[in-house]
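Please look over the sequence and the fold shown here before reading on.

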Amino acid sequence: MPSVVKINVLTVPAEQRETLEKRFASRAHAVENSDGFEWFELLRPVEGTDTYLVYTRWRDEESFQAWLEGPMKAAHQGGGDQPKPAASGSTLWSFEVVQQAAPKSD
């Protein structure tokens with residue numbers, strides 16, 4: 001069964017970039033300890049766009065859904081003192097890994 005990739009596409013106004021990056025840097029590390037989690041990257045735009053990409057790779061769809069309904073949901077719920085989101089929009093893209101390559105070792 002191929003791994004699955006989830007890319008959360010976040011629209012982040014320029015004045016919110018630092019806030020977004022700090023929040024990811026200080027987030028609870030629940031994703032790293034989640035069963036089936038394989039990889040995470042936060043990708044900052046470098047030219048002509050206000051779109052960040054949050055890349056995660058999972059062993060399977062079930063692992064992603066378990067994280068989504070458990071640790072991720074808990075991290076994004078809270079009392080009335082939750083900070084305003086740094087992103088003004090969000091879209092989730094889903095992919096299956098059909099080919100991959102790594103650098104050849106000598």
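## A serine and its surroundings

Ser63 is found in helix α2, which covers residues 61-76; helices here are DSSP runs of H or I with at least four residues, strands are runs of E with at least two, and both are numbered from the N terminus. This is a predicted model, in which local features need pLDDT of at least 70 and side-chain atom pairs count only at pLDDT 80 or more, while totals for chains, interfaces and linings use all residues. Residues are numbered from 1 along each chain as its sequence is written, and side-chain values use heavy atoms, with hydrogens and water left out.

Ser63 has a relative accessible area of 5% and is therefore buried, a term that means under 20% relative accessible area, with exposed meaning over 50% and partly exposed in between (1.4 Å probe, protein chains only). When its neighbours within four places in sequence are left aside, Ser63 is in contact with Asp35, Gly36 and Trp58, where contact means heavy atoms within 4.5 Å.

The side chain of Ser63 also makes a polar contact of 2.7 Å with the side chain of Asp60. A polar contact is a pair of N or O atoms within 3.5 Å; within protein, one must be able to donate a hydrogen and the other to accept it, and residues adjacent in sequence count only if both atoms are side-chain atoms. Asp60 is placed in the loop between β3 and α2 and, at 13% relative accessibility, counts as buried. Apart from neighbours within four places in sequence, Asp60 is in contact with Met1 and Val4.

## Aromatic rings

Which residues do ring pairs link into a cluster? The cluster consists of Phe37, Trp58, Phe64 and Trp67. Rings of Phe, Tyr and Trp (its six-membered ring) pair if their centres lie within 6.5 Å, and planes under 30 degrees apart count as stacked, over 60 as edge-to-face and the rest as tilted. By this rule the count comes to 5 aromatic pairs, and the table gives two of them.

| Pair | Centre to centre | Angle between planes | Class |
|---|---|---|---|
| Trp58 and Phe64 | 5.8 Å | 70° | edge-to-face |
| Phe64 and Trp67 | 6.0 Å | 40° | tilted |

Trp58 is buried, with a relative accessible area of 0%; Phe64 is buried at 3%, and Trp67 is buried at 16%. Phe64 and Trp67 both lie in helix α2, where they are 3 residues apart, about one turn of the helix.

## The sheet

The open sheet has 4 strands in the order β2-β3-β1-β4, with antiparallel pairing; two strands pair if DSSP finds at least two bridges between them. Because β2 (37-43) and β4 (89-96) stand at the edges, each with a single partner strand, one side of each is left without a neighbour in the sheet. Neighbouring strands of this sheet are turned by 15° against each other on average, direction ignored; the axes are lines fitted to C-alpha atoms, for helices over the stretch in contact, and angles run from 0 to 180 degrees between N-to-C directions.

Strand β1 (residues 4-11) pairs with β4 in the antiparallel sense over 8 bridges, and Thr11 has Gly89 in β4 as its bridge partner. Helix α1 (residues 17-26) packs on the sheet and touches β1, β2 and β3 (51-58), its direction making about 20° with that of β3.

Strands β1 and β3 run antiparallel and are joined by 8 bridges, with Val4 opposite Trp58 in β3. Strands β2 and β3 also run antiparallel, joined by 6 bridges, and the bridge partner of Trp39 in β3 is Arg57.

The loop between β2 and β3 holds Thr49, which at 37% relative accessibility counts as partly exposed. Although Thr49 and Pro13 are 36 residues apart along the chain, their C-alpha atoms are separated by 9.5 Å.

## The whole chain

The protein has 2 helices and 4 strands, which follow the pattern β-α-β-β-α-β when read along the sequence. Of its 106 residues, 25% count as buried. Among the contacts in the protein with a separation of 6 or more, 71% are between residues 24 or more positions apart.
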